[in-house]
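The exercises below are meant to be worked through with the sequence and the model side by side. Try each task before reading its solution.

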Amino acid sequence: MPGLQGRGMTLVSVQSLAVRFGGAEVLRDIDLSVSASEIVTIVGPNGSGKSTLLRAMLGIQPASSGRVMRKAGLRIGYVPQRLAIDRSLPMTARRFLSLPRRVSDAEAAAALDRCGVGAVAERQLVDLSGGQLQRVLFARALIGRPELLVLDEPTQGLDQPGEAAFYQLIADVRAETGAAVLMVSHDLHVVMAASDRVICLNGHVCCEGTPQVVRDAPEYRALFGYGTQGALALYRHDHDHNHGPGLAHHHDAACDHDHSAPDHAAKDHAAKEYTAAGHAGEGHSGTGPHHA
Amino acid sequence: MLDDFLTRAALAGLGLSLATGPLGAMVVWRRMAYFGDATSHAAILGVALALATNLPVGAGTLLVALAMAATVSTLSARGWAMDTTLGVLAHSALAFGLVAVSFLPGMRTDLSALLFGDILAVSRADLGWIWGGSLLVAGLLIWRWQSLLTATLSTDLAHAAGVNPDRERLVLTLALAVVVAVAIKIVGALLIAAMLIIPAATARGLARSPETMAALAVLAGAGAVLGGLWASLRFDTPAGPSIVTVAALCFIASVLAGRLRQA
């Protein structure tokens with residue numbers, strides 16, 4: 001819902017953020033802020049630093065340089081990209097919601113019901129399916145009236161109706177509580193409808209703005225639109241752009257200095273995945289091995 | 001009542017179980033079994049150093065165990081390959097400790113007490129040390145329980161919830177060093193890790209929540225202590241190994257019970 005953008009106080013922001021793993025610079029020159037009540041989605045190919053950016057904004061990943069600022073006492077609901085649960089740890093979904101702050105049974109039941117997993121409250125976490133675990137994680141994130149929801153590929157493992165319902169739920173939660181949402185998503189065809197602002201990331205911010213602006217940005221097309229049938233075809237049916245082979249080499253200057261071999265390979269790989277998804281049409285469910 | 005050596009032994013073992021139950025559960029969940037080995041083996045070196053420098057044995061054990069636990073904890077945080085690192089540290093600590101002990105006159109005869117414990121020789125002062133240490137550890141774990149569990153489940157979730165996983169790891173490191181210093185008298189350096197892990201593993205099959213697992217581990221540990229002491233008297237076997245033997249039998253029984261229930 002454009003129009004909400006830019007209103008409200010800043011909850012979290014980064015300035016000139018850079019993150020390096022060993023010698024490799026994963027993120028550089030990132031300036032980004034999230035204000036109350038806005039839904040910001042980060043898109044980008046595999047290895048573009050999406051999860052690292054989220055983790056840096058949460059303070060999990062130390063910044064190599066630059067500044068990370070969070071509003072004092074910010075209440076965050078976080079859904080990590082993955083949660084590996086050791087079989088030796090007995091833990092029901094209900095008990096999990098009470099970590100680290102204990103919540104009442106009523107509160108827990110309401111959150112689980114809202115996420116469509118009220119029936120699994122007494123099941124062990126290790127016995128849940130991927131989609132169920134994802135919903136339980138989201139239920140936990142909703143507890144405690146978060147001001148900011150940070151969601152790392154929140155719909156992985158969800159089926160198609162589940163995915164649609166999930167984005168509706170995010171919109172409802174934002175409307176009710178005014179919580180801001182910062183998420184990484186691979187569901188390009190819904191990102192555009194569900195976000196106020198889209199950040200196109202590939203080690204640095206290639207372009208950002210409302211979905212309409214980003215969709216038309218050459219940098220975005222360079223990342224997602226190259227190959228014979230770019231993923232752009234999914235949501236641009238007016239064919240006003242060139243699908244020709246030349247597009248693969250059309251990069252904005254800001255995107256151009258990022259063609260080290262592994263990164264390029266990652267991009268290529270991502271492009272193939274998206275192309276495959278594009279061919280599959282609406283069958284793309286976001287369950288592929290997308291781990292940035 | 002405390003005049004009876006058997007009563008003192010039983011009380012010492014029960015006190016230890018209070019700490020090893022919840023701590024052992026944490027050790028199992030976080031896959032720190034080898035960590036317990038390294039720390040407890042280092043305790044032998046602590047005993048030798050304390051005797052050589054006329055420090056109280058308890059203090060020496062605690063210090064060296066703490067140093068080892070802190071070393072392992074730091075290395076693991078820096079991403080060292082833990083399997084190899086711990087294998088090196090645990091066994092080196094044991095070897096260094098045994099060599100150091102051999103330099104002390106009159107200590108050779110007490111070596112088996114160091115390695116396997118001497119629960120039947122627990123004094124009133126020992127009893128105070130054991131209960132004090134165990135209650136301290138149990139209290140520490142209860143106080144930090146929610147944060148410890150969150151950090152155990154996922155360091156990322158802990159961070160996002162304002163829990164510092166490094167601080168929680170430090171809490172566990174401290175608790176482990178105290179338990180080692182306390183338990184060396186009871187089961188000896190070689191079998192401390194067994195007292196941590198076996199009762200917790202026994203409890204795992206029967207528990208559906210972290211709290212019941214910790215509580216059942218306390219019960220399993222206490223049962224093993226009482227059963228082991230009884231067996232030691234009845235069959236004239238060494239007390240420390242008898243306690244661990246009974247703990248192991250309980251574990252096997254719990255696995256079989258679990259199988260039967262599933263069938």
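Two strands are said to pair if DSSP finds at least two bridges between them, and helices (H or I, at least four residues) and strands (E, at least two) are DSSP runs numbered from the N terminus. The model is predicted, so local features need pLDDT of at least 70 and side-chain atom pairs count only at pLDDT 80 or more, whereas totals for chains, interfaces and linings use all residues. Residues are numbered from 1 along each chain as its sequence is written, with chains lettered from A and ligands numbered from 1 in the order in which they are written.

**Exercise 1. Determine which strands pair with strand 8 of chain A, and in which sense.**

Step one: strand 3 (residues 39-43) of chain A runs parallel to strand 8 of chain A and is joined to it by four bridges, with A:Ile42 having A:Ile199 as its bridge partner.
Step two: strand 9 (residues 205-209) of chain A pairs with strand 8 of chain A in the antiparallel sense, again over four bridges, and here A:Cys200 has A:Cys207 as its bridge partner.
Step three: three residues lie between the strands of the hairpin that strands 8 and 9 of chain A form, and A:Gly203 takes a positive phi near 85 degrees there.

**Exercise 2. Explain why strand 8 of chain A is described as largely enclosed by the rest of the structure.**

Step one: a residue is buried if 20 or more other C-beta atoms, placed from the backbone, lie within 10 Å of its own, exposed if 12 or fewer, and partly exposed in between.
Step two: five of the five residues of strand 8 (residues 197-201) of chain A are buried, and therefore the strand is largely enclosed.
Step three: in a regular strand the side chains alternate between the two faces of the sheet. In strand 8 of chain A both faces are covered, with A:Arg197, A:Ile199 and A:Leu201 buried on one side and A:Val198 and A:Cys200 buried on the other.
Step four, for contrast: A:Ala165, placed in helix 5 (residues 160-177) of chain A, counts as partly exposed because it has 16 C-beta neighbours inside 10 Å.

**Exercise 3. Describe the side of chain B that touches chain A.**

**Exercise 4. Where in chain A does the pLDDT fall below 50?**

Step one: pLDDT is the predictor's confidence in each residue, from 0 to 100, and chain A averages 75, with 74% of the residues scoring at least 70.
Step two: pLDDT stays under 50 over residues 1-6 of chain A and is below 50 over residues 226-292 of chain A.
Step four: where pLDDT is low, the predicted coordinates should not be read in detail.

Terms used. Contact = placed C-beta atoms within 7 Å.
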